[in-house]
Amino acid sequence: MDNKFVFLFDQSGKGNKELLGGKGANLAEMTRIGLPVPYGFTITTAACNAYYNAGQVISPEVESQVLEALQALEVKTDKRLGDPTNPLLVSVRSGAVHSMPGMMDTVLNLGMNDETVKGMAELTNNPRFAYDSYRRFIQMFSNVVLDVGNYFFEQRLEDIREEKGYHSDTELTAEDWKQVIEEFKAIVLKHKKRIFPQDPKEQLFLTINAVFDSWNNQRAILYRRLHDIPGHLGTAVNIQSMVFGNMGDDSGTGVAFTRNPSTGESKLYGEYLINAQGEDVVAGIRTPQPIASLKEEMPDVYQQLVDTCQLLENHYKDMQDIEFTVEGGKLFILQTRTGKRTAQAAIRIAVEMVKEKIMDQREALLRVDPDQLNQLLHHRIDPEHKREQLATGLPASPGAATGQVVFDADEAEELSKEGRKVILVRPETTPDDIHGIVASQATVTSRGGMTSHAAVVARGMGKACICGCDAIKINLESKQFISGSTIVNQGDTITIDGSTGEIFLGEIPMIEPELSYEFQLLLRWADEETKLGVRANADNPNDAAKALEFGAGGIGLCRTEHMFMDASRIPTVQSMILSETTEERKEALDQLLPMQQEDFEQIFETMQGHPITVRLLDPPLHEFLPDKEELLIDVTKLQLTNPDSTELHEKQNLLRKVRLLEESNPMLGHRGCRLGMIHPEIYEMQVMAIFNAMSNVMKKGIQVKSEIMIPLVSHVNELKEMRQLVKNIGNQMQAETGQEFDYLIGTMIETPRAALTADQIADEADFFSFGTNDLTQTTFGFSRDDAEGKFLQHYVENDVLKRNPFVSLDQEGVGKLVESGVKLGRETKPTLKTGICGEHGGEKESIQFCFDLEMDYVSCSPFRVPSARLAAAQATIRHEKSSPIKEPQYN
């Protein structure tokens with residue numbers, strides 16, 4: 001069949017994730033290796049895309065194949081969908097290519113109706129189980145497929161419990177559930193003006209539609225955007241025969257991780273509920289038991305689960321997240337997938353699996369997402385600080401956070417947009433709360449366990465989370481929670497420790513993290529593999545020291561203007577800028593020279609011989625000047641209140657000079673090398689400071705490798721003139737000191753013309769550093785601040801652009817200019833060193849791009865250096881024929 005859209009689990013062979021989705025591929029694979037998987041079939045992602053292409057309609061071809069697969073499932077199970085005497089019940093679940101836990105829709109117990117429920121009651125001799133299963137199906141189907149709010153069902157169920165004096169659902173009898181079923185059907189009739197569908201095949205196709213539709217629900221779109229999952233992939237749908245964990249005390253359901261997803265410890269980790277269905281665990285409706293206690297309740301099942309987990313981990317060579325059900329004492333595996341884990345766990349698991357010979361070092365490096373490493377480089381609670389514990393819950397996702405309490409996901413998002421740090425506190429979260437979790441510093445829930453929705457999503461995002469904190473009593477209506485005698489209102493500040501599960505009132509100081517042995521070992525492995533250098537952007541000795549601590553091979557961008565930003569220096573800088581004669585400007589520059597020299601000496605000494613790229617003054621001069629509008633207000637006030645004052649005269653003079661320097665578009669105006677061309681004395685001062693600093697540090701026996709970078713060059717003649725300026729001072733200093741300086745002279749490529757004429761510019765350059773922040777602005781014609789504030793987010797949300805081009809390098813446009821610059825530059829000068837120093841230097845896909853162009857290094861902020869080292873190693877491993885780094889020859 002040319003267009004095969006449906007595959008039975010045992011007919012799809014070794015699963016194709018792109019076609020079957022992650023869940024479908026794994027179900028097929030587990031069936032193939034003989035695990036106890038409830039039988040079923042997968043409707044492919046291709047069918048989902050065909051559904052959308054046809055205007056959200058299932059084609060006759062797909063419908064026919066589904067019915068054919070259903071018939072095969074009925075034969076395999078010896079049950080029939082809709083047969084009152086021997087009914088087949090199925091689950092219908094989404095299954096995207098990339099794991100998206102809780103983001104799309106699921107329906108369980110499909111096939112139940114007023115007749116099959118009677119058959120189930122007779123077959124199982126357990127009417128309570130049968131009617132409980134039917135009410136669950138009505139509630140889930142009505143919510144997911146018919147779009148009736150879950151609230152109506154939960155509220156009515158709670159009312160019935162109260163009327164009968166029950167404390168939990170397990171107390172309801174079969175007769176009680178019959179009453180609930182009739183009331184649930186009445187809710188559907190009231191809100192949808194239709195009778196709850198009784199035809200199981202109608203139920204099935206309506207549910208398939210709903211699962212396909214959920215691919216583009218709001219939470220799924222947001223999740224894909226957060227995790228950079230392409231929107232065109234679509235979701236598969238898995239139809240699987242039901243097994244029941246709610247058949248009594250010899251049944252249950254649970255989630256198990258083959259290793260601890262928070263710490264990485266090699267120990268079975270998870271939770272289960274006796275006499276429950278899977279949604280009870282992941283939805284956080286009931287607080288489950290730790291998996292270890294299953295050993296006492298069902299020792300044979302526990303041992304079988306342990307053996308299965310080991311088999312799956314060895315098979316997939318990674319930590320697995322497994323959903324299981326026990327029906328009448330028999331274990332069934334419903335799903336396995338690569339488990340989401342914290343950064344700490346990811347690193348420990350990778351290292352320990354190498355030691356256990358499950359994988360080699362290269363495989364281990366590919367198992368850790370570089371973006372995760374950033375989670376390890378931030379603050380944690382200061383253990384020395386005296387603090388009073390407010391409450392304790394389950395430590396669902398490690399890390400520490402401080403923020404204002406907020407009880408609603410929408411409010412969390414709004415307050416976050418205002419720049420406020422918030423912590424979302426909920427009884428439990430649902431997939432509809434994801435935007436609030438994203439916006440918050442951390443999440444706290446009073447119900448649910450370590451595998452609840454909040455826990456899984458927070459761990460995936462690297463955010464702190466505490467679950468199952470039943471010590472706090474939440475009142476959503478009054479927007480407060482109570483812990484003991486303490487009342488915490490919305491807006492109050494709390495601090496949480498997701499590693500211990502503790503909640504504290506108020507703000508607690510944080511300290512720098514300690515990097516684990518496994519962390520440092522993994523990065524040593526990365527350095528052994530990499531063929532791409534990693535440097536840091538650092539403008540002061542502290543940042544330089546931090547860069548070295550995190551393993552940077554040098555400084556790829558030292559922005560000298562940041563040295564001028566010190567409050568004590570601003571008056572001198574302003575005096576230099578506002579000078580009306582060259583003599584006045586030189587007088588101010590003479591005062592700035594020792595300041596700059598001291599800065600360079602400290603950085604050179606800190607870097608201990610590692611190369612340092614120093615960029616000469618780049619930004620528009622107005623950035624150092626008082627705000628024109630504020631000056632105008634001051635002048636106006638003084639004219640009204642004190643028109644004869646000296647202060648008025650001084651401010652009027654200052655306003656006149658500011659107006660003279662005003663530019664229509666300062667980012668494209670008199671800045672960068674253009675400043676050095678018109679006022680060479682400014683660059684002369686900076687270059688003199690560099691060479692003086694090199695001389696003094698070299699006298700201490702410390703090697704210095706300086707790379708002097710001329711910014712914003714668009715024409716070779718600009719670089720030619722500025723290069724000569726640097727060479728003249730360098731030659732003069734070498735003659736005066738008798739020292740020989742190791743230095744290079746190069747430029748930052750940040751305009752399209754520079755990239756397109758790189759062959760000419762390379763005649764005057766020892767290196768190119770691509771400033772992709774400005775190159776992106778000048779290529780797109782975007783002002784970054786305006787674009788990100790006004791329309792860029794809209795572009796990304798509506799797929800006008802795949803990603804924010806200031807976060808991930810636009811390889812199709814800006815990337816072509818970078819590629820052209822590298823290629824043309826090396827045609828002129830084969831030994832030309834090339835690097836990238838925009839923010840893209842720390843982003844994994846941009847790093848892969850730089851590696852593919854055989855660039856020499858990337859440079860990023862100090863805290864992104866570890867993730868860049870890992871991404872560079874991964875790029876090398878993926879590239880079988882990588883070429884070694886060319887060592888630059890210093891003058």
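1. Glu29 counts as buried, at 4% relative accessibility (buried is under 20% relative accessible area, exposed over 50%, partly exposed in between, with a 1.4 Å probe and protein chains only). Its side chain meets that of Arg32 in a salt bridge, 2.7 Å from N to O (a side-chain nitrogen of Lys or Arg within 4 Å of a carboxyl oxygen of Asp or Glu). Arg32 is partly exposed, with a relative accessible area of 46%. Both sit in helix 1 (residues 17-32), 3 residues apart, about one turn of the helix. Helices here are DSSP runs of H or I with at least four residues, strands are runs of E with at least two, and both are numbered from the N terminus.

2. A word on the basis. This is a predicted model, where local features need pLDDT of at least 70 and side-chain atom pairs count only at pLDDT 80 or more, while totals for chains, interfaces and linings use all residues. Residues are numbered from 1 along each chain as its sequence is written, and side-chain values use heavy atoms, with hydrogens and water left out.

3. Back to the charges: the whole structure has 45 salt bridges. One of them joins Glu313 and Arg259, with the closest N and O atoms 2.8 Å apart. Glu313 is in helix 12 and Arg259 in the loop between strand 6 and strand 7, so this pair ties together parts 54 residues apart in sequence. Both partners are buried.

4. Have a look at that loop and that helix again. Ser262 is also in the loop between strand 6 (252-257) and strand 7 (269-274), and it counts as buried at 9% relative accessibility. Leaving aside residues up to four places away in sequence, Ser262 touches several others, including Thr342, Gln344, Pro395 and Arg459 (contact is heavy atoms within 4.5 Å). Asp300, found in helix 12 (residues 299-316), is exposed, with a relative accessible area of 66%.

5. Strand 13 pairs with strand 17 (residues 464-467) in the antiparallel sense over 3 bridges, and Leu394 stands opposite Cys467 in strand 17.

6. Lys479 is in the loop between strand 18 (472-475) and strand 19 (480-483) and Glu411 in helix 16, so the pair ties together parts 68 residues apart in sequence. Lys479 is partly exposed at 33% relative accessibility, and Glu411 is partly exposed at 24%.

7. Last, helix 24 (residues 628-641). Its buried residues are Leu631, Val635 and Leu638. Helix 25 (646-661) is among what covers them. The face turned away from the buried side carries the exposed Glu630, Lys637, Leu640 and Thr641.

Methods
Two strands pair if DSSP finds at least two bridges between them.
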